[in-house]
Number of protein chains: 2
Amino acid sequence: MARSGPRTFDRDAALEAATLVFWEHGYSGTSISQLTAAMKINPPSLYAAFGDKRTLFTEVVNRYNATYGRFMADAFAEETTATGLVHRLIMGAAEHYAEGSHPPGCLVIAAAANNSPGNAEVSIELADRRNANRDLLQARIADAISSGELPADTDARGLATYVVAVIQGMSQQARDGVNTETLMAVGEMALRTWPVPPMATTARRG
Amino acid sequence: MARSGPRTFDRDAALEAATLVFWEHGYSGTSISQLTAAMKINPPSLYAAFGDKRTLFTEVVNRYNATYGRFMADAFAEETTATGLVHRLIMGAAEHYAEGSHPPGCLVIAAAANNSPGNAEVSIELADRRNANRDLLQARIADAISSGELPADTDARGLATYVVAVIQGMSQQARDGVNTETLMAVGEMALRTWPVPPMATTARRG
DNA sequence: TCCAATCTGTAGCGATCGCTACAGATAGTC
DNA sequence: GACTATCTGTAGCGATCGCTACAGATTGGA
C-alpha cells in the first residue's frame, strides 16, 4: 500500500474540494468524515495540513473570496462611481449565484446560518465579513453624495442596506432553485430603484 | 418530588419556548437538551407530547406561521390588489423582522440553511414553503396583469422573485443586526421599483 | 383501599461528532 | 544500506447527538 514520504495530495485541490462541501452544507452541517471523503485524505492528513475544522473553514472562506467571490472585490477595486459599483455588485451576483458549476448562492451568506452555541464564533466571523462589506458600500455611497454623483438627500445607510439585502436575497433564491435568467431580471428590477443622479442617466441596462 | 398524574406542563407554552430556540439556532443547530432546558421538561415528556425532533419542528413552523408570521397570510387573504399585497408583505417584514421581543429575521427563511445530508428533508420542507409563497405571489401578479392593474409587459416571475428576494434579504439583514428603522427604509426603496400602473398612483407610501 | 393507567425522572442506549495516539511505510542524508 | 524525519492509515479516544427502557410517583375509578 502506498504510504508516506512527502505529501502525496495536492493541497489546493483539497481546499477546493472542502470549499464545495462547506458551500453546499454549511459549517456545522459539514462533518470531518464528509470533508476527508471529498478531499480524499484521512483525518490525520487534514489536521496536519490545515489545523482544525475551524481553521480550515477560515482558509476556505479566504480562498473563496479570492476565487468564486472575487467579482465583489474586483467591483470595489475597479469601479470609481457608486452607481457603477452597485451595478457590478448586483449583476455579478445575478450572473454567478446560479451557475451550475458549483453550489448555488454565496458561501459567505449561506454557510453559517444555523449556529449551535458552540459554533457561534463562526457565525460571527461571517456576519462581520458581510457587515464590513455593507459598511464599505455605505462609505462609497456617502462619498458619491459628497461628490454630487448622487442626490444630497440620499439615505446612504438605507441604500447600502437595500443593495446588500437584494444580493443576499438573490443568494437565497438561487439556493431555492431560481435560475440565472430570473436572477438577472431580479437584478435589473433592483437597480431601477437607484436614485436618479442630478443630471445624468441611471446605470446602463442589459 | 412532584411526579406524574396528568400532564403538568403547558403544551403551548412549551411549543412557544421551542419556537424561540429553533428560531435562534436553526433546526440542526438546536439539540434536544437545549429544547428540554428551554421547555422545562425532560426528554421522555418531549417525545410523548410532540413525537420526535422532526415532528416537533414541523409543528413549531405551523404555529409560527399562525402567530409571528401571520402578517404574511393576512396580507394574502385581505389585500385584493397585487400592489397592496406586495406593499403589505414588504413593509410587514420590515416592521417585524427586527422586533426586540423575539429572535431577528424569519424562522422559515433562517432555520434550515445549513443542511447536513441527514437533515435534507427539513431543508426541503422549508424551501417548499418559501417557493409556494413565491408561486402564490407570482399568480397574484399574473392576475393583476390580466386585470390591467399592472402593465401588460410586466415580468410576473421576475417581479415575484424580486419581492421574495428583498424580503429574504431583509431577514438576513435583521439577523446581522440591522434595526427596524433601516429595514423600513429598505422596504420603501424596494417598493419604488414597482411597475407604474397604466393610469394610477403607486402604492401608498409611509 | 387497592388497582390500573399515566406521566415523570434517571440513566443510558447505539451512533456520530471532532480529533488524535500509534505504528507502518516511504523519502532524503550520509 | 542504516538512520532520521515525515507522512499516512488504522483504530479509537471522550463528548455529545437523538432517542428510549425502566421504575418511581401520582391520579381516577372500582
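Me: How many Å separate the centres of domain 1 of chain A and domain 2 of chain A?
Reply: The centres, taken over C-alpha atoms, are separated by 25 Å. The contact between the two, where contact means heavy atoms within 4.5 Å, takes 15 residues from domain 1 of chain A and 18 residues from domain 2 of chain A.

Me: Before going on, what kind of model is this?
Reply: This is a predicted model, in which local features need pLDDT of at least 70 and side-chain atom pairs count only at pLDDT 80 or more, while totals for chains, interfaces and linings use all residues. Residues are numbered from 1 along each chain as its sequence is written, chains are lettered from A and ligands numbered from 1 in the order in which they are written, and side-chain values use heavy atoms, with hydrogens and water left out.

Me: And where do the domains lie in chain A?
Reply: Domain 1 covers 11–64 and domain 2 covers 69–191, with bounds that come from an automatic or database domain assignment.

Me: Back to the interface: what area do they bury between them?
Reply: Domain 1 of chain A and domain 2 of chain A bury about 1500 Å², of which 60% is on carbon and sulfur atoms; buried area here is the accessible area (1.4 Å probe) that two parts lose on being put together, summed over both. On the domain 1 side, W23(A), R54(A) and Y64(A) supply 45% of the area buried against domain 2 of chain A, more than any other three residues.

Me: Which residue does the side chain of R54(A) meet in a salt bridge?
Reply: R54(A) pairs with E121(A) at 3.6 Å, N to O, the rule for a salt bridge being a side-chain nitrogen of Lys or Arg within 4 Å of a carboxyl oxygen of Asp or Glu. Across the whole interface of domain 1 and domain 2 of chain A, that rule finds two salt bridges.

Me: Changing topic, how many helices and strands does chain A have?
Reply: Chain A has ten helices and zero strands, where helices (H or I, at least four residues) and strands (E, at least two) are DSSP runs numbered from the N terminus.

Me: What about the box and the buried share?
Reply: The C-alpha atoms of chain A fill a box of roughly 70 × 30 × 30 Å, taken along the principal axes. Of the 206 residues in chain A, 54% are buried, meaning under 20% relative accessible area (1.4 Å probe, protein chains only).

Technical notes: Buried means under 20% relative accessible area, exposed over 50%, partly exposed in between (1.4 Å probe, protein chains only).
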